[in-house]
Amino acid sequence: MSHSSSASPRMKPATWYISMLIVAFLYIYLTAIQYIRGEELPVPQTVRQSLHARAVREGFGGSKFLSKQGPINGPTLGFEYHNYDDLTSYLRNVNSMFPNITALYSIGKSSQGRELWVLVVSTSPYKHVLGIPNVKYVANMHGNEAVGREMMLHLIQHLVTQYPRDEYVRWLLENTRIHIMPSMNPDGYEVSKEGTCEGAQGRYNSRGYDLNRNFPDFFKTNNARPQIEMEHVKEWLSKIQFVLSGNFHGGALVASYPFDNSAKSMFQSLSSSESVTPDDDTFKHLATVYSTNHKRMYQGRPCKGQSGFKNGITNGAKWYPLIGGMQDFNYIWHGCMEITLEISCCKFPLAEDLERYWRENKESLLRFLGESHRGVRGFVHDEFGNPIEGVGLKIKDRDVGFKTTRHGEYWRILLPGRYVLEAYHDNYEPKEAEFYVVDDRPTLLNVTLSRNSASPGQYGQHSVPARDVIYLNQPPKGHPPPPEAPASGFFNFNRIMNTFFG
Ligand SMILES: [Zn+2]
C-alpha cells in the first residue's frame, strides 16, 4: 500500500502539468477565436439589425409596452388622430427606438413655424447607398384631408416593427430609402375638425393658399404667390433624386396620375379630356397597383355626389384639370413619377374609422413602394470610370427626360419591353443604348460617354441639351424654374409640342 502510494505522487505532477498545458492551450485557442469573431469578422447587416430590433424589443419589454399579443415593438400608436405635438413626439420616439433603420429630418418650417417632418425608413437611413432608389410619400398637403396623415404613421410603425419578421418589408428597407412626410400642411391641420367630411376649412395653408395649386406649371402661368411650404418641397426635390412618389388626399376614392393640367384653354378644359404623358402606360400601371391592392378602390364605386372611376384610376386632367399641382411638377421638373391617392370619401372621418382605412390601404402602401424596383437603372461614366453628373437622359419616344445624380446614377420605371436610352451632355458625344426590361427585376444598364471634340462650352452636333430646352417654355412670371436647371426637361421641343399641343 505504502509502495503504490509513494509511486502515484511521483506521476501526478506530470499528468497535472500536461493537463494544464492542454487546458491553457484550449483557453488561448478559444479566446483567440472569440477575439477574431468579435473584432474582425463583419457581422452581416441583417443580423445586426435583427439583433438590434430584438434588443429594443426586450429593452422596452416592461408592462407598459406589453399587450395581450405580446410585446409591442414600436412606440404606442393607436387609431386616433395626432396633432402636431403628438405627431412630433411619435416620430421622435420611433426614431430613438429604431436608430439603425430610421432618420428624422425636417425640410423646413411652415408659415406658422411648424416643422415639415420627414422620417426615412431604410437600412441605410442616413447615408445614400450608390444605386439605391429614394422614394417618398407626402400626405396632408390639404390640411383637412387627414386620413393620409395617420396612414403614414401606421405605415412607419409597420415598417419598423415588421422589419425583423417580414421578408418583403426587409427587402424594401434593404433596397430602398423610403422618405415619409406625414404632413406638408401642419398649420392647416390644426384648424381642421374631425368629423368634417366636406368643405375647405383647414385645406389651405395659414396664408390661405392651396398648396396643390402652388407649384410651377408647365402648361399655364401660375399666378399664385409661391408659399413657403411649396418652396421647401421644391428645394427638397432638387436635392434628392426621388424615383417614385405618392401624394395623399381625401374627398374621393381614386388613384389619379399625370398630367393634372393640359395646354387646352379653360373653356376647352370644361369638357375635361385626358392629358396624356409619354409614360402613360407606366402611370396607369402604378395607379392600378395602388387601386387593386386596396380593399375597395379598384371597384371604382363613386363617393356620394361624384361619378365612379373605372378600376379606381383616372388621368388627373380627365377628372378635372388644375394649375400648379405637385404631381406634374415632380414628373416634369425632376423625373419623379408621382401619383395622387385619394383614399377617403370623407376628408376628416371620425377616428373610429381609422383602423378600417389602415386595413384598406396597408397592402397598397407597401406594394406601391416596391414598384421603384421595376424598369432600368445604372450609372453613366466617362472613359476613365468617373461618374458624370447631370447627364440628360430620356427613353426614346418618351419625351419627358431625367438626369443623372452627382454619382452618375439614374433610375426609370418602365414596364417590360424593348427600349432605347438616349444620353446627352454638353461635353460628351451623345449615345444611345438599347435594352430590355423584364417583369421581375430591374435591368442594369451602365453607359460610358466619351468627350466630344467640340471645345468646352460649345454644343456638338447633337440636339440642344435639356437644360436649355426647358427655358424655351418661357417659365411663367413669378415662378421661374429652380435656380439650378431642372433635373429633367423636354428633349425635343418640337416633338413635345406635337405630342401635347397637337
Ligand atoms: Zn386634397
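1. A residue is called buried if 20 or more other C-beta atoms lie within 10 Å of its own, exposed if 12 or fewer, and partly exposed in between, with C-beta atoms placed from the backbone. Residues are numbered from 1 along each chain as its sequence is written. Please keep in mind that this is a predicted model, in which local features need pLDDT of at least 70 and side-chain atom pairs count only at pLDDT 80 or more, while totals for chains, interfaces and linings use all residues.

2. A quick overview to begin with. The protein holds 14 helices and 18 strands; helices (H or I, at least four residues) and strands (E, at least two) are DSSP runs, numbered from the N terminus. Of its 502 residues, 44% are buried. Among contacts between residues at least 6 apart in sequence, 72% join residues at least 24 apart, a contact being two residues whose C-beta atoms, placed from the backbone, lie within 7 Å.

3. Leu 87, Tyr 90, Leu 91, Val 94 and Asn 95 are its buried residues. Seen down the axis of α3, they fall within an arc of 125 degrees, so they line one face of the helix; the arc is that of the directions from the helix axis to the C-beta atoms. On the other side, Asp 85, Asp 86, Ser 89 and Ser 96 are exposed. The buried residues of α3 pack against β3, β4 and α4.

4. The 8-stranded sheet comes next. This open sheet has mixed pairing and the order β3-β4-β6-β5-β7-β10-β8-β9, where two strands pair if DSSP finds at least two bridges between them. β3 (102-109) and β9 (313-315) stand at the edges with a single partner strand each, so one side of each is left without a neighbour in the sheet. From one strand to the next, the twist averages 20 degrees; axes are lines fitted to C-alpha atoms, for helices over the stretch in contact, and angles run from 0 to 180 degrees between N-to-C directions.

5. Within this sheet, β5 (residues 134-139) and β6 (residues 177-181) pair in the parallel sense over 5 bridges, and Asn 134 has Arg 177 in β6 as its bridge partner. Helix α4 (residues 147-162) packs on the sheet, and its direction makes about 140 degrees with that of β5. Helix α12 (residues 354-370) also packs on the sheet, touching β5, β6, β7 and β10.

6. Glu 342 counts as buried because it has 25 C-beta neighbours inside 10 Å. Leaving out residues up to four places away in sequence, Glu 342 touches His 249, Gly 250, Gly 251, Ala 252, Leu 253, Val 254 and Ser 256.

7. Finally, strand β11 (residues 376-382) is mostly covered, with 5 of its 7 residues buried. It runs antiparallel to β14 (residues 409-412), joined by 4 bridges, and Arg 377 stands opposite Trp 411 there. Strand β11 is also joined in parallel to β18 (residues 447-449) by 3 bridges, where Val 380 has Val 447 as its bridge partner.
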